[in-house]
Structure formats: structure tokens, C-alpha cells
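Take a walk through this protein with the structure open beside you. We will look at rings, then charges, then helices.

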Amino acid sequence: MFSSLPNFVILDLETTGDSPLYDRITEIALVRFENGIETERWETLVNPRISIPPFISRLTGITNEMVSGAPTFEEVAHKLYGYIEGAVLAAHNVRFDHGFLKSEYKRIGAVLRQKVMCTVKLSRRLYPEHRSHGLDAIMRRHGLVTYARHRAMGDVELVMAYLESAKHELGEARVLETVASLLKGPSLPAGLDSAFINEIPDSPGVYLFYGENDLPLYIGKSVALRSRVMSHFNGDHSSSREMRIGQQVTRVECIETAGELGALLLESRLIKERQPVHNRRLRTAKNLFSLSLARGLNQIPLVKIVTEDDIDPTLFEHLFGLFRSRKAAVEALRGIALENRLCPRIIGIETGKGACFAHQLQRCDGVCAGKESPDLHYLRLKQALIPHRLKSWPYPGTIGIREHDEVSGRSQLHIFDSWRHLGTVEDEGELEEVLQVRASLSFDLDIYNVLQKNLRKYPEIVSLGFSSAHHRVDLCSGVVP
């Protein structure tokens, strides 16, 4: 192989799936090299103690019957560690194999710390003119043949053959130099160039992970971008989502902000605009619902479920709770009625005439049967809803919250009115334009939640309840007449 390389092990695993959290190893194969000479070769089936899905069995040829009598990972862990100890662990998409090994060792109370080298990344460096670098593409490119594809030792031998082919095509010196450069860098996804690390600021902001196209895979935020981005690549892949992101990312984009609030607001907006596939939170809700209390006794039912079009922050004194579905709103109202012995028919979650069924079960105080006055029932309903009342906008008009990052020198003013984020400005020339959009913005539950949690952090609020033609905003000190 390569006589100048440090001790290294080429390894491959077969598993029951792609999640180290839920799936298990079914086969291990490895070849160890010392000073470029093969010194050990080992392979074993592993009993995963869970069922192998049929499609995995069709892919690998490994069945539940084959592994039923095989040793468990715990039984081979010590022997495996003897092979890989003191060596660089090399594999095709090593983050997959390394992630599974770390998870398996963690389950038996051990910690695996291993220097790794990814042969997918090596192929990208050595053959940048080619788009695909999976084992099937490499087989076609180098004219390699195997009769044991998707079996652990078959794939290990394919990687070995690929390394030999690269050495003969490009020269041993170039391959060794590329391997050495990979070993110096952090454990990054195969498609990501390590040169980007020095370009990431360690300031507040938002980061976007991209794959092969211009649609982001994932959007996140942090008060320290560089350390947060790198944490994605230094983790143990505790979820299949993290693993998929790590395998797919080829480009990272960072946008700096002046502080944490700016990062929260920008993250929320970008996720709604670009809909990244791996973000579940902060996506635009298809619907939003709230409970609207009647203004008097002459309106029956006393509570209506209103949609997003009717959720106006200026009317929050009559609205209670925010829900992502009509079903959730109904269930919340049903729970309030049950807890407070209110009539489900009068408040609007049942239909019919006369005494309601809840009264027959002694769960309603009987306004529907003439046993409780409508005035008292309405008063009790209002009291029951008070803990769920939406908070009214606590300012007389538009406000600005200023953030300043001393390291970067960046200052931003975030403009809000009636729980709506009108925009963020970095100089006074942008302020007038931002103030003009207030009427066109709809209510956003995520912005409402962000402000509810963060307003107390900013005791000095800049009042913008006036025309900016008569005032100017100094982003470093507030409003100056």
C-alpha cells in the first residue's frame, strides 16, 4: 500500500439502517496496515438484536437467520478495538462508520476516540473533475470489479483497489500529500472544503447548509457562528437527521447579525422563505387558530374559533390561545369547559337544544337547563379564559430594539409594531422604508413568541411612534431629536 503512511485501518460496516440512534451493526470487516504492509485482516457478522428490514437484506444479502448465531457487538468490541487502536480509521464516508462505532461503544459504557480519514473526500480531492464519488461510481471510473458489493469485506477490498489505482494513476507522492492534508483538518462532511472554516466569523448570526443545489438543507442561528457550525461536524450523530445533513452538505453560508435577537429574527424569516428540508420548527403554519369570546350574552355560541385572518393584535383582549390546528383549539376549549363545569353547548363545542349531555353527567352547572344564570355562566367563562388571553402590545406605537456587537462593530435596530417585525435597519436611511410596511404584515406566531421571551432583556426601548422625518435614529445611542 503506502509505506509512508502512519498505521491505518480500512474498515466497512453493514447495518440495519442509517440511524446510529436506532439501528445496529450487522457486519464488520477491516484490513490493518503498518508501514504500508498488511498485518491484519478480520471480518465478522454481528447479531444486532433487532430485526433486519427486508430491503436491507435484499441490498446486503445478510438475513436475520445469518446473524442469529453471530456474536453481539459487546462480545466483539474488545477484539475490534485491538485492531483499530493506534491507527487512523479510513472508510468510504467515514462519518457513517465512525458514528455507528461510537454509538455502539457508548452503549456498553466506553468512549471511542479515533483519528479518521474519509476516502470519499480523498476521491473528491484527487479527482475534482468527477461529480460522483460513491463506490459504484469509483468502480466504473477505475474499472474495478467485485462479487461482494454491499458486504463489508467486499467493500473494504474495493476501497483498497481504488487506493492502489489512484497511486498508479496520479503517483504515490500526490496521494500521500492529499491524505496528509485531510488528516490535518477537522472531520468535515465529504463534500465540504475545509478552506471555508477560516472564513466563518465567530460572531452572532445565521448559517445555511447547502447540498448540490441552491435550496438550503438546514438553517440555524448562534451567538458564535464558527463554534456552532463546527459542532455539527464534531458530534456523534445522535439522530439520523444530523447524519443526513452531514452527508449532504457541500457549502455553508453565514450571515452576521449584531446580536442574538437579530439572529433569531433572521433565522425565522429565512426558514419561512426558503423552507429548508431539515428544519421542522419555524416553518409557516398552514393555519393558525384562536378562541374569540363574545362581547355579550346575546351572542351564542359564546366562543368562536377564528382563523389567522381574524387574529388581529389590536383585538387581543378578546382572543385566547394560539393553536396550529382547529382540532387543537377545540380540545383546549373542551378542557376548559370540563375543568370549570361550563356548558359545552352554550360555549359552542356541542349542538342541540335543552340540557346538554355534560349536565346529565353532572359536569355542567346547568345554564342550559335554567339552573344557573347566563350572567354568572358568562362571568365564569371569562375568568376561565383569562390565563389564556393573548398579551396586548404594551407600547403606544412602533418601537425599535437596538443591538450592538462590540467585536464586529455592527449595530442594528429591529423595528416592531403590534407584535409584528417590520424589519431591521443598519442606518437611518432605511428607517422610513421599513416603517411603511407595517400595514401589509400579517401576525406571525414565531415573532410573537420571540418577543414574549426577549423583551425583558432589552429595558431600553427606542420609541418610534412618530414620523422619521422629524427624528433621526442613532443606532449606537437610540433616538436623537
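**Rings, charges and helices**

Arginine 141 sits over the face of tyrosine 127, at 4.6 Å from the ring centre. Keep in mind that this is a predicted model. Arginine 251 is placed over a ring as well: it lies over the face of tyrosine 210, at 3.9 Å from the ring centre.

How many aromatic pairs does the structure hold? There are 13 aromatic pairs. One of them joins tyrosine 207 and phenylalanine 209. Their ring centres are 5.2 Å apart, and their planes make an angle of 45°. That pair is tilted. Tyrosine 207 and phenylalanine 209 are both buried.

Next, find tryptophan 393 and tryptophan 419. Is this pair stacked or edge-to-face? The ring centres are 5.1 Å apart and the planes stand at 80°, so the pair is edge-to-face. The cut-off behind this is an angle over 60 degrees. The two tryptophans come from distant parts of the chain, 26 residues apart. Tryptophan 393 is in the loop between α15 (374-385) and β12 (399-404). Tryptophan 419 is in the loop between β13 (411-417) and β14 (420-425).

Leave the rings and look at charges. Side chains of opposite charge can pair when their charged atoms come close. A search of the whole structure finds 18 salt bridges. Start with arginine 151 and glutamate 27, whose side chains meet at 2.8 Å, N to O. Compare the two partners. Arginine 151 is partly exposed, because its relative accessible area is 24%. Glutamate 27 has 4% relative accessibility, so it counts as buried.

Another salt bridge joins arginine 32 and glutamate 34, at 2.9 Å from N to O. Arginine 32 is buried, because its relative accessible area is 8%. Glutamate 34 has 29% relative accessibility and therefore counts as partly exposed.

Now move to aspartate 136, which forms a salt bridge with arginine 149. The closest N and O atoms are 2.8 Å apart. What does this pair tie together? Aspartate 136 lies in helix α6 and arginine 149 in the loop between α6 and α7, so the bridge ties together parts that are 13 residues apart in sequence. Aspartate 136 has 37% relative accessibility, so it counts as partly exposed. Arginine 149 has 22%, so it counts as partly exposed as well.

Finish with the helices. Two packed helices are described by the angle between their axes and the distance between the axes. Begin with helix α5 (residues 119-126) and helix α8 (residues 172-184). Their axes come within 10 Å and cross at roughly 125°. This angle makes α5 oblique to α8. The α5 and α8 crossing is right-handed.

Helices α6 and α7 make another crossing. Their axes come within 11 Å and cross at roughly 45°. With that angle, α6 is oblique to α7. The crossing of these two helices, α6 and α7, is left-handed.

The crossing of α5 and α7 is left-handed.

Key:
Residues numbered from 1 in each chain as written. Predicted model: local features only at pLDDT ≥ 70, side-chain atom pairs only at ≥ 80, totals over all residues. Heavy atoms only, no water. Phe/Tyr/Trp six-rings, centres within 6.5 Å; stacked < 30°, edge-to-face > 60°. Buried < 20%, exposed > 50% of the residue type's maximum accessible area, 1.4 Å probe, protein only. Helix = DSSP H or I, 4+ residues; strand = E, 2+ residues; numbered from the N terminus. Lys NZ or Arg CZ within 6 Å of the ring centre and 35° of its normal. Salt bridge = Lys/Arg side-chain N within 4 Å of Asp/Glu carboxyl O. Axes fitted to C-alpha atoms, helices over the stretch in contact; angles between N-to-C directions. Parallel < 35°, antiparallel > 145°, perpendicular 65-115°, else oblique. Left-handed = near helix turned anticlockwise from the far one by under 90°.
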